[in-house]
Amino acid sequence: MKKIICYLFLLCIAIPSWNCKKSLLNLTSQSAYSYSTYFNNSNALNQATIATYSVLLHQGLWSREYYFIFDLLGMEAKKTTNMQGDLAQLGNYSFGSNQTEIGDLWGSLYRMIFRANVVIDRVNAWNPTDPTDQANVKQYVAEVKFLRDYAYFNIVNLWGNAPLITAYDSVVNNNYIPRSPAASIWAFIESDLASAIPNLPVAYDAADLGRATQGAAIALLGKTYLYEKKWANAQTEFTLLTQAPFTYALSPVYDSLFSPTNQNSPEDIFQVMNEAWTSWSIGNQYSMFGGQETWGGMASQSDRAQEYGFNDWWNVYITASAVDAFHYPSPADGVTPYVDPRAYSTFYGTKASGGDTVYCEQCTTGKISYPFNASDPQGDYSWRKYEYYNLVPSYGGPQSGINGQVIRYADVLLMLAESYIQQGNAGSQPLGLINQVRARAGAIPYSNLGGSQTSAMNILMLERQLELCGEQTRYFDLIRWGLAQQVINAEESTEPGLNGIQPFQTKNLLFPIPDIEKDYNPNCVVNNGWN
Amino acid sequence: MKIKRFHSKHFALMLFLIPVFCLSLKAQDKRTQVTGIVKNENGTAIANVSVMVKNTKTNFSAGTTTDSSGVFNFSKLPPGGGYTFTFSSVGFETQKLSGYTLQPDAAFTLVTRLRLSERALEDVIVIGYGTAKRKDVVGSLDVVPVKEAGATSSTNPSELLIGKAAGVQVVQANGVPGADAQIIIRGTGSFTGVDPLYIIDGIQADKNLFNALSTQDIENITILKDASSTAIYGSAAANGVVIISTRKGRPGPPRISITSQWGEAKAWKQLHLLDAAQYVDLLQDFAATSNTTLPAKFSTPSVLVDSNNWQSRIFRQAPVLENDINISGGSDKVLYTFSVGYIKQESIVQAMTFKRLNTRMGLDENLGRIHLGQSLAIRYTNTVGQNGSGGPYANITDGIGYAPYKPVYDPSVLGGYSIVSNIADFSNVNNPLQAVNLIHNVQAEFVVLPQIFGEVNIINGLKFRTQFSAEIGGGKNTLYQFPYTASNNLGEPRESSLGYNDYSFYTLENYFSYNRTFGKHNISATVGNSYLDPGKSSSVTDLGTGIPNDNIQNISVAQTLAVTGASYGYARASVISYFGRLMYAYDNKYILSGSLREDGASNFGTNNQFGYFPGVGFAWRFIDEGFMKRQSFIDDGKLRIGWGRTGNNNIPTTGVTSVLTFSGNPNGNLVYSLGSNKTFVPGTTIASLANPNIKWETTDQTDIGLDLAFFNKQLTVTLDWYDRKSSGLLVSIPLPASVGADLTGAQPVEIENAADAENKGFELSAGYRYNIGRDLTLNINANIGFNKNRVLSLGSQFAAPIQAGVVQNLSTFTITKAGYPIGSYYGYKVDHVAKDQAEINALNAQAAQKTGNPNAVYQAGLLPGDFIYKDIRGIGQITDSDETVLGNPIPKFVYGFSAGLTFKNFDLNMVFSGVAGLKILNSVKFFTLIEATGHNATTGILNRWRQPGDVAAEPRAGQDATASGNLAASDWWLESGAYLRLRNLTVGYTLPTKVLNSINGGEHVFTRIRFYIAAQNLLTLTGYSGYDPEISTQMGGSYIFTRGIDDGQLPQPRTFLAGLQLGF
């Protein structure tokens, strides 16, 4: 009726009726809800929490770029001629502040923080009275705190001083947040995790598998202390994970940690959930190229198998230096050349290299020899970890459902060993932990850690390199150990195909503040156009 | 300004006896025959002159037109006194002969001469909400009569304007059949759009509707350029106004005209590609510099076979066919017109076909004081072709890059087409014929445009008009994809999709107008209101997979269905407006005009919803001043001065002033997989920040113009100077990524009234018309518009330059910042290709010396064979700061030239248009001259650096495919975008009356038969190395920030046409 009156008024151009004018000019969206009214129930806040998790699959993170960035920078992967685009700049450290993937990583980490802050803002605005709702929102807040602390952990390690945004209102009131000192970011992570831990469950129902657990938050807190060199605190946190109520244990088969069925293992602490791509009717195979949440449909697969796979896009080799690391004197006598059995699970190569030499073991067509090209000047070693060529000869597109291992128990055991060693304990406790990890892979155990803190650290560092090869930890480790420049330049200079360069400069100890921040934030002080 | 061809059949007035039956019955027996001849001042007979006869006593009236010999004939007129004959024809002054008395059964003969009208000064011109005589117009405008010869061969209404009006650039989107064109009036003055406002028959429309019209249905197009005339449209008029008048019925018997044309289109240029041996040599070079070896295949002779030139495999001769029919007629009470047009066109690159059907019906009723009109236009288009990322045709860069040794087919590959892979071929370019043949996509769209109006003469001079129009549109998209394996062994499944969309909205306007002359004073006033309804739009797309086989190729047999897209919302913003205009003329010499409009739009927050848009104009017809009578050099003269303000609300309808939830786009795509079965769990968050303070952007324009005529008004000249300043431009300001309110790969933005920009320009048009002797007429038009575009400011907030235009996944190439034109190109300047290491060492030594740092290098990563960039700051090192503005895609001037000539029964028409003073970005060079990935290239790459000591034009093969080194944004990618193009050349021949009469054999069957041949884009003068310098925007980009980027778009074809026009 009101509409009709309005039309009549328009027809007659009578005395302007402002009320009518207003109603015709007040359009509410027919395709989305209002921020101020939507998030007032547990279900909506759960959705906001899920949206925070989904950032784990965004560009720069775990559906694609995260492993490229840190495998290339950590000298575990090396580009082939197939590698296109900005990723190629990472392997030889020729990137600047406009490097796309580093920019994407920064953007996605802050997007995760923003979405976490949205959940907290809406929970505060709602204040539920029902006890179930209260319990739900407590858990949601704790989960998103874990995620934003994971984001800040990456940020503070990679960039040092950075904007510290802890509430939604902060960005609404000021789009240009200055950088905070790294120390205050570390402090924030510690206190934020500490407040999240009590509100996180030890385990979830089967339907909620993949959400952040109390163990995940404790592991991240332990890792935070370790990176801050607060060894005793780190030891305390990691030790918690070896005790009740936690039931973490090493998965009996090392290979299975990187297979399509790598979840539900007692070794999992926090994984990125990658659902195998099944159908174009659900999601786009190439969703990871920026189609997350838009043209990509519903998809959470990883393209790592496709991108690293020698029979598919084959964008990277495993580096010769990474292959060499698996060859070391036998821990039994310290002299006999020894090939670590994890080489077989990590790469394809020659028999002598220890790598796997056949694939398609479970194909109907039977197994096929890996076509090692001895004349390839770069050394023709290819990744096997996170591949599933045992099942199919090639993938035909990115569709891997192998979950990304963010933190697993073996990593925690080695970090616990490290926190002992760094406190001067090179004895049986760290030895036992290291051997526990080696034993699972069938590697010969060490009888001792060499007697000194230095020798123990050397063993631990090699152990981390081998156990976690291709799991995006080596770069972080080298940086925090203060060895990055020395080790990476040494490896780059001898790596076939890299022309003997030593590209790692002192400035590389931190990432450049990406253009998408420094060019648009007048309060972001950047030195030398880098960091 | 424009000179109308009086003999064009479409302008002919055809009047006929009005069927007043009682009158005709009474006077049946006693009739008088009246014959006559109409000539021009030179004594040449004039065809198609409308002759009306009216008896003031009996109210009897009748009408006819002259034939090609200038002869008219009324066979049976009732005898009696009080007859008046009125002769009218476009371009001539209307002549009235009164006081004739006809004797019964007697023959009566009349001979009259018509004078050329005074440069059409009395022509009525459509302006905003009304009409005005040309001599009273105070603003700067151009009228383009569509039926200038040659225009019939245009297939798109925008083409009619190419080269015809000063300061109006028409950029055709690309050479895809059915693609639209962008009209840019006086430069780019907004960051959200360059679209002018389109008015069709007095009612607000849009570009889509304009392009929906058939060229045959348009009578003329008026372009309002200055703000004193556009301000009455207030909002949305910031980019000028294009007013389209459609063809109306004319009194007389049914008059039928048919135009049929056929032709063939073809690319006018091809690139020279490498043959197989050169290609293999290139790959070997590439592999060597990349520290790798070529696959085994390359040591066999099979790769040296030239199997296919893929470029010539995808380009083709494309037929075009167009048929139009128009039927019109009526009485002085009711007029009707009906037209149907059909066009079928193929793309010049395989394998797209475009079909369009237009119909238009119009009725016009006069009931004394009441005047009513109804029209209905319908357009239906159907496009068949692949729906790929590049377009519905074969990818041109694949055509350049695919391996020449490959055959088209390979039965061992799923789908039957050959493929390559990195592993086997050192290349992953797709077979350019594969997708185009294995994906079958049909897009059907329709638009219905009903318009009605009613007009009442209330009292003398006072009229009320109410008008209503609606736009109802929609489409259907079906796709069937055969299963196939693409290059690099990527699997493409058998699938089918089906999508529908629809939208509708309406516009309602009412206004009073008043026009009265009191002695020497003339007053006209308009006051009214307008409502733009937001309407609705919706869409849904379904994808079907699990189709068992190819026997049935649609979604109905799919075993899995999924909705892949769904939307629902408004078709546009709602706008309520009130407007008024007052014009006062004294003695036809001093004309003053003022207008004011208030617009309220739903886009803006409550406090800023309304904007006010005033305009004032003054014209002085100094030619009528006494002192001008003493000279004879200038025959006409008018000075115009105007100022006005217009606005723009081109931002999303909702979600700008408040924050909305985001659950993926389409909704539901935001998921994370949880649980032991990794079930997708939906997520909802927000991905934007709100700006509740957003308001109208405004454009203030000052215009000073001078209209002059010389040599008996045969030469007319118009000059205009304008200063168009836009402030508070609505713009998406990029925010720092740390804000986090965005989607992956994006950057957070906030829409703000941030920027100011300016366009200053000067326009000159000249027209010359002359009749030489009896048989030769000539008219020539030339125009040129200079424009200087500059961003004045990006706002008081942090004014980061806007960077855009990422090409080939490299870096951004355009920058928009204060002091430079919008969307300028930005990057390094190339000095030359490094000859050898010694040269680099010398530069490094210099760098070390200048910087005092022994380890300093001139340019990071520089190797022999790489581009050495210019050290602009002279500090011995290349850094980001050596990037500079390199040019821009906005032409410094746009010019056009057209000429029409008739000689006896022949007619000739040509239209040239050109642009100059601009740069375009040839991103196809990534394929033609760079080898960063394995692909074929053009012979230009043979000039690459091969070994130390080479002084080469092009860099070495092999480098990371990233925006570094040779692929950094630099002036190497830019080329001059200047061109001069012969748009249209038409030669026609109209059958002479004698021949026509013998064909007719005494009956009145044909009134006109004309044959013509036409060529479009026959000649292009350009230095551009790519396919076509007429580049609109980057594919999927905008005319603002990513203009002039050639990604391998379909070039404008050269088309030859032959046509036949019949009049009945």
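## Buried salt bridges within the chains

R1010(B) and D907(B) are both buried, and in this predicted model the two residues form a salt bridge whose closest N and O atoms are 2.7 Å apart. Because R1010(B) belongs to strand β53 (residues 1008–1022) and D907(B) to strand β49 (residues 906–916) of chain B, the pair ties together parts that are 103 residues apart in sequence. Another salt bridge of chain B joins R465(B) to E455(B), with 3.2 Å between the closest N and O atoms. This pair links distant parts of the chain, R465(B) lying in strand β23 (residues 462–481) and E455(B) in strand β22 (residues 439–459), ten residues apart, and both R465(B) and E455(B) are buried.

In chain A, D477(A) and R480(A) form a salt bridge at 2.9 Å between the closest N and O atoms, and both of these residues are buried. D477(A) and R480(A) lie in helix α19 (residues 474–480) of chain A, where three residues, about one turn of the helix, separate them. Chain A also holds a network of salt bridges that links E267(A), D340(A), R342(A), K385(A), R408(A), R438(A), R440(A), E463(A), E467(A) and E471(A). Over all chains, a search of the whole structure finds 66 salt bridges.

## The interface of chains A and B

In the contact between the chains, 101 residues of chain B meet 109 residues of chain A, and the area buried between them is about 8600 Å², with carbon and sulfur atoms giving 57% of it. Y672(B), K678(B) and T744(B) supply 10% of the area that chain B buries against chain A, more than any other three residues.

Across this interface one salt bridge is found; the side chains of R111(A) and D742(B) meet in a salt bridge with an N to O distance of 2.6 Å. On the side of chain B that touches chain A, the residues divide into 45 nonpolar, 46 polar and ten charged.

## A buried arginine in a loop

R621(B) is found in the loop between β32 (610–620) and α9 (626–629) of chain B. Its relative accessible area is 6%, so R621(B) counts as buried, and its side chain is joined to that of D636(B) by a polar contact of 3.4 Å.

## Backbone features

Two cis peptide bonds may be noted, one in each chain: A244(A) and P245(A) are joined by a cis bond with omega of about 5°, and the bond from N665(B) to P666(B) is cis with omega near 0°. P245(A) sits in the loop between α12 (231–241) and β4 (268–272) of chain A, while P666(B) lies in the loop between β34 (661–662) and β35 (671–674) of chain B.

Positive phi values occur in residues other than glycine, including F711(B), for which phi is near 50°, and N1017(B), for which phi is about 55°. F711(B) lies in the loop between β38 (697–710) and β39 (715–734) of chain B and, at 49% relative accessibility, counts as partly exposed. N1017(B), by contrast, is placed in strand β53 of chain B and is buried, with a relative accessible area of 5%.

## Confidence in chain A

The average pLDDT of chain A is 92, and 96% of its residues score at least 70. Over residues 12–18 of chain A, however, pLDDT stays under 50, and the model has eight contacts beyond four places in sequence for this stretch. Where pLDDT is low, the predicted coordinates should not be read in detail.

Methods:
Residues are numbered from 1 along each chain as its sequence is written. Chains are lettered from A and ligands numbered from 1 in the order in which they are written. This is a predicted model: local features need pLDDT of at least 70, side-chain atom pairs count only at pLDDT 80 or more; totals for chains, interfaces and linings use all residues. Side-chain values use heavy atoms; hydrogens and water are left out. pLDDT is the predictor's confidence in each residue, from 0 to 100. Contact means heavy atoms within 4.5 Å. Buried area is the accessible area (1.4 Å probe) that two parts lose on being put together, summed over both. A salt bridge is a side-chain nitrogen of Lys or Arg within 4 Å of a carboxyl oxygen of Asp or Glu. Ala, Val, Leu, Ile, Met, Phe, Trp, Tyr, Cys and Pro count as nonpolar, Asp, Glu, Lys and Arg as charged, and the others, Gly among them, as polar. Helices (H or I, at least four residues) and strands (E, at least two) are DSSP runs, numbered from the N terminus. Buried means under 20% relative accessible area, exposed over 50%, partly exposed in between (1.4 Å probe, protein chains only). A polar contact is a pair of N or O atoms within 3.5 Å; within protein, one must be able to donate a hydrogen and the other to accept it, and residues adjacent in sequence count only if both atoms are side-chain atoms.
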